Amino acid sequence: MAYLIRPIKDEDIPELNQLDKEAFPTMWPATNFKREMENIMAHYMVLVDEDVSAAAKPVLSIWKRLRNCIRHDTGTIQQAVDCPKVIGYGAIWVMAGSAHLVSVAVREAYRRKGFGELLLISSLKEAIKHKCFEMTLEVRVSNIVAQNLYLKYGFAIKGIRKKYYLDNHEDALIMTLDSIDSPDFTSKLEEYKNSHTRKWKTTPGMAELAS
Ligand SMILES: CC(C)(COP(=O)(O)OP(=O)(O)OC[C@H]1O[C@@H](n2cnc3c(N)ncnc32)[C@H](O)[C@@H]1OP(=O)(O)O)[C@@H](O)C(=O)NCCC(=O)NCCS
């Protein structure tokens, strides 16, 4: 069994559509993944479970599973082969040095196992790779789960967009994480990653493999 994070592929789109329906049931218009793949500002990272047949699986050693799948010679997320089951994704748009976290979503059956955090770490790393100085996002005022995730990683509430969401006219909080390009944040991100590794009971050093 192995989990890995890799860039989006065409073959992921049907499963990503299902995942979006599950995670954002009222979202309209739905994400056009095909168009996003052609958008040079967009960077989509997909978390896949290679073992499609197992209905329930242990959640330990996420990094260990990643080790099998992520080439770490260049320090970037790398393409891997034949990974059919999409269990989550994270996406950023990079514009003028700012990374907009467009989406992070995990299939319901896999939530609360550290995958959302893993996708956020990967999104931050991707933003840093593209030389961004900040990450910003909108989140529903009612979405306390996602807000908790962002607060945990140091995002601050910077404002509010009134009636931002088309479905129910809910307000969005604008949350931003500044100075992600600073040495200070680089070491913080390392701490977050190590703490994630400890929490999911992986051995020291394995977190390196996903950097
Ligand atoms: C938000 C989401 C991606 C989190 O994914 P996840 O894999 O369940 O999250 P993790 O297990 O990595 O948890 C990371 C942190 O998120 C927060 N969190 C996750 N689930 C939570 C819950 N049920 N209640 C409160 N906080 C929660 C906590 O801060 C948690 O850290 P902790 O374990 O130290 O408490 C997932 O709930 C999801 O896909 N939701 C639907 C889509 C969505 O709303 N995306 C955000 C759009 S802005």
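**Entry 1, the model.** I am working from a predicted model, and I keep that in mind for everything below.

I started with helix α4, residues 115-129, and helix α6, residues 183-199. How do the two cross? Their axes come within 11 Å and cross at roughly 155 degrees. Angles over 145 degrees count as roughly antiparallel, so α4 and α6 are roughly antiparallel to each other. I noted the hand of this crossing as left-handed.

Next I looked up who touches whom. From α4 I have E117, L118, I121, L124, K125 and I128, and they meet F185, L189, K193 and H196 of α6. Sorted by class, this contact holds six nonpolar residues, one polar and three charged.

Then I turned to α5, which covers residues 144-152. Its axis and that of α4 come within 11 Å, with a crossing of roughly 50 degrees. That angle makes α4 oblique to α5. I have this crossing down as right-handed.

Which residues make the contact? G116, E117 and L120 on the α4 side meet L149, Y150 and K152 on the α5 side. By class I get three nonpolar, one polar and two charged residues.

I found 22 residues around the ligand, and R112, G116, N143, K152 and K199 come nearest. G116 and K152 were already in my notes from the α4 and α5 contact.

G116 has a backbone N or O atom 2.8 Å from an oxygen of the ligand. E117 also places a backbone N or O atom 2.8 Å from a ligand oxygen. With R111 the side chain is involved: one of its polar atoms lies 3.4 Å from an oxygen atom of the ligand.

Most residues other than glycine have a negative phi, and most peptide bonds are trans, so I went looking for exceptions.

R112 turned up with a positive phi, near 65 degrees. Where does R112 lie? I place it in the loop between β4 (98-106) and α4. R112 is also one of the residues that come nearest to the ligand.

The other exception is the peptide bond from W28 to P29, which is cis, with omega near -5 degrees. I located P29 in the loop between α1 (13-23) and α2 (33-38).

Note on methods. Residues numbered from 1 in each chain as written. Predicted model: local features only at pLDDT ≥ 70, side-chain atom pairs only at ≥ 80, totals over all residues. Heavy atoms only, no water. Axes fitted to C-alpha atoms, helices over the stretch in contact; angles between N-to-C directions. Helix = DSSP H or I, 4+ residues; strand = E, 2+ residues; numbered from the N terminus. Parallel < 35°, antiparallel > 145°, perpendicular 65-115°, else oblique. Left-handed = near helix turned anticlockwise from the far one by under 90°. Contact = heavy atoms within 4.5 Å. Nonpolar A, V, L, I, M, F, W, Y, C, P; charged D, E, K, R; others polar. Near = heavy atom within 4 Å. Polar contact = N/O pair within 3.5 Å; in protein donor to acceptor, adjacent residues only side chain to side chain.
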